[in-house]
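Please walk through this structure. Take the sheets one at a time, then the confidence scores.

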Amino acid sequence: MATITGIIERIKFRNEENGYTVLAVTDNADGDEVVMVGTFAYVSEGDMIEASGRLTEHPVYGEQLQVEQYEMKAPEDLKTVERYLGSGAIKGVGAALASRIVRHFKADTLRIMEEEPERLSEIKGISERMAMAIGEQMEEKREMRQAMMFLQEYGVSVNLAVKIYQKYGPSLYGVIRENPYRLADDIQGVGFKMADEIARRAGILTDSQYRMKAGIFYTLLQAAANGHTYLPLEELKEEAAQLLLTDTGDLEKYLMDLQLEKRLVVKKGPEETAVYGAQYYYLELNTARMLHDLNIRGSIPQEEIRRRLEQVRQMEQLELDDLQAQAVAEAVNSGLLILTGGPGTGKTTAITAMIRYFELEEMKVLLAAPTGRAAKRMTEATGREAKTIHRLLELVPSGSTDGSGLPGMESKDGRTLGMHFERNEENPLDADVVIIDEMSMVDIHLMHALLRAVSVGTRLVLVGDVDQLPSVGPGNVLRDLIHSGCFNVVKLTRIFRQAAQSDIIVNAHRINDGQPVNLGKRSRDFLFIRRENPDQIISAMLTLVQKKLPDYVQADPFEIQVMTPMRKGALGVERLNQIFQNYLNPPGPDKAQKEYGGVIYRVGDKVMQIKNNYQMEWEICNDYNIPVEQGSGVFNGDMGVIQEINEYAETLTVEFDEGRRVEYSFKQLEELELAYAITIHKSQGSEYPAAVIPMYPGPRMLMTRNLLYTAVTRARSCVCLVGHPEVFSAMAANCSQQKRYSGLKERIMEIYEGENS
């Protein structure tokens, strides 16, 4: 055993989750540098530490002190006090100023800095304002350390403890002892179960009103994470009672309390009583109101529209059928139009005709889609720039959480965290027409934010395939708008001649219509390869991706996408990614790699961002590596390739579409996953030269018709299904969709019924 006292010169490594830290400490006894390794609640460079433990010899890093116990000390002799102050521990105090402070106050230096900081202004170069700022830092360091030690007793990780302290400051002690369930509302990373464990350690009773209300609210938050904007009352009570280990009857009082606190809204309907978190009810209600206000009929004569449309046809050499022409006419005379239809029915041609028509009228048209890939496809198809909806609405950093319609942004209550949209009702989009593609992907949050930025009188055209999977986020916006019956909807049904030559498109429609698909037919673009067991299926998929498909579809193996219904299992995303990584990007002496969370990330790997990060900065560089464009925001589903891993700086650089380079700290790697294989849900809005899909038995709730339909329609030139034909048939026959509770349709109908009554 050894005991060493000294000043922390450098923090070489720190895991913020568990506090495991490697410190370089200058030993007061002989001035030598000692490496200390252990778990520390909260330390910073410049602090003085006394630590005891065993001296061990590491084969790579040499002698280390494995710390078993430690305490933070106040420096005692004047030389150590001066070194401590000059180390950078106190912002604004350098070596020269530290020397002057110690010369002036001598042994009383630290006491004066903590208890009478105003006296620091006696030193030349320190103003009264600076003196008080130094005093505040001294106080905060002491309070922070005490808070870390206190929170560790309740099983709180260091990283989370810092967030809690930053949120509550000294009042955190009262929060933990009286109502730790507030943490689940206020702090990202704390769910009900973690707050419940803290409450248990704090001795809070299981029938506490705080616990009951937090459990009910948590159940609704979980429902939102699964795509619901509300839950039926009985279902909410059953799920909350199961979570809280209580009877459903015990929850009535707390449901009433939450309504009185305006945190819940209860809507009685003819078939069920819907219980909303208040935020989602008002998102739906305000969305319905804004849709109603936009839905104005125009009065341009049909003959005039026909004449102008004929001009567009001739100029652009466009062939339009009657429904496409109707879609253009409706767009001209409608404040709000919904254009829907399956693949190959000419939605893009109709959009192109609309754009040219409005441009002939000298109207400004803006195009957007929910994802970068969908926006890129829209740009290529129309020849006009399309942006992501987030870019269209001008996402920018915000000074505060101002509730400007950006939920899902790492916040617990739907308010923004440090970001907001510049475009809103006070600063609407400068456009006569706004056209949004891939509307099936738009959730209630994004729809609400978009509508806030579209002023009455601007035409809004919403385009999408209602049979695709619904949005990842809460709500079922496109389906609700169509089924409300309150808006102009044009559904394209004819498969055009060129599209009819594609078995991808023909079979996609057959799947969607519940008609049999001939899997034995020789086809140029729809192939079924029979294989029995998972290893045979994987072997065939590897051959397709590595050897057969790249030349056939004129694409790089990285552009060919493997898609599977499942995350887990023999043919789930996790296992497939490990296997495909080994074959497509094997390890090599020239390839840096980093292991994080059981996954190896290697230079050259294909990766995907799996959560919206609105604050992540990106830059596009020219051939000389000089940044020419910068921005922020990396979104769920964005795909890229790892360009660099820097162990020293602990960063990993990914290049996404359009050359956007993003630097991740190692701590942020939880936001990335390998993307050689992805779930079909993650493929929404994307198109790939070829798609390879395993067909193997899995949970019935995942193996559905609209999942198969979505997967098949992601392929541009070729789709290859590998496995059991009977699995394909079972998916095509399984038209059950997971019930999604969404009330936007009802809110819309209420407004129109109220208007007509």
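## Model and confidence

This is a predicted model, in which local features need pLDDT of at least 70, side-chain atom pairs count only at pLDDT 80 or more, and totals for chains, interfaces and linings use all residues. Residues are numbered from 1 along each chain as its sequence is written, and side-chain values use heavy atoms, with hydrogens and water left out.

The predictor's confidence in each residue is its pLDDT, from 0 to 100. The protein chain averages 89, and 96% of the residues score at least 70. A contact means heavy atoms within 4.5 Å. Where pLDDT is low, the predicted coordinates should not be read in detail.

## The closed barrel

Helices (H or I, at least four residues) and strands (E, at least two) are DSSP runs, numbered from the N terminus. Two strands pair if DSSP finds at least two bridges between them. Five strands form a closed barrel in the order E1-E2-E3-E5-E4, with mixed pairing. Neighbouring strands of this sheet are turned by 50 degrees against each other on average, direction ignored. Such angles use axes fitted as lines to C-alpha atoms, for helices over the stretch in contact, and run from 0 to 180 degrees between N-to-C directions.

Strand E2 (residues 20-27) has antiparallel neighbours. Strand E1 (residues 2-14) runs antiparallel to E2 and is joined to it by 7 bridges. Ile-7 stands opposite Thr-26 of E2, and Ile-11 opposite Leu-23. Strand E3 (residues 33-39) is also antiparallel to E2, again over 7 bridges. Here Val-25 has Val-34 as its bridge partner. The hairpin of E2 and E3 has 5 residues between the strands, and Gly-31 takes a positive phi near 80 degrees. Why is E2 largely enclosed? In E2, 7 of the 8 residues are buried, so the rest of the structure largely encloses the strand. Buried means under 20% relative accessible area, exposed over 50%, and partly exposed in between (1.4 Å probe, protein chains only).

## The open sheet and its helices

The open sheet has 6 strands in the order E11-E10-E14-E15-E9-E16, paired in parallel. Strands E11 (386-388) and E16 (488-492) stand at the edges with a single partner strand each, so one side of each has no neighbour in the sheet. From one strand to the next, the twist averages 25 degrees. Strand E9 (residues 336-341) pairs with E16 in the parallel sense over 5 bridges.

Helix H14 (residues 322-333) lies across E9, E15 (459-464) and E16, at about 160 degrees to E16. Helix H16 (residues 372-382) lies across E10 (365-369), E11 and E14 (433-436), at about 175 degrees to E11.

## Two single residues

Gly-269 sits in the loop between strands E7 (264-268) and E8 (273-277). Its relative accessibility is 36%, so Gly-269 counts as partly exposed. Its C-alpha is 34 Å from that of Gly-298, 29 residues apart along the chain.

Val-396 belongs to strand E12 (residues 395-397). With 23% relative accessibility, Val-396 counts as partly exposed. Val-396 and Gly-189 are 207 residues apart in sequence and 24 Å apart in space, C-alpha to C-alpha.
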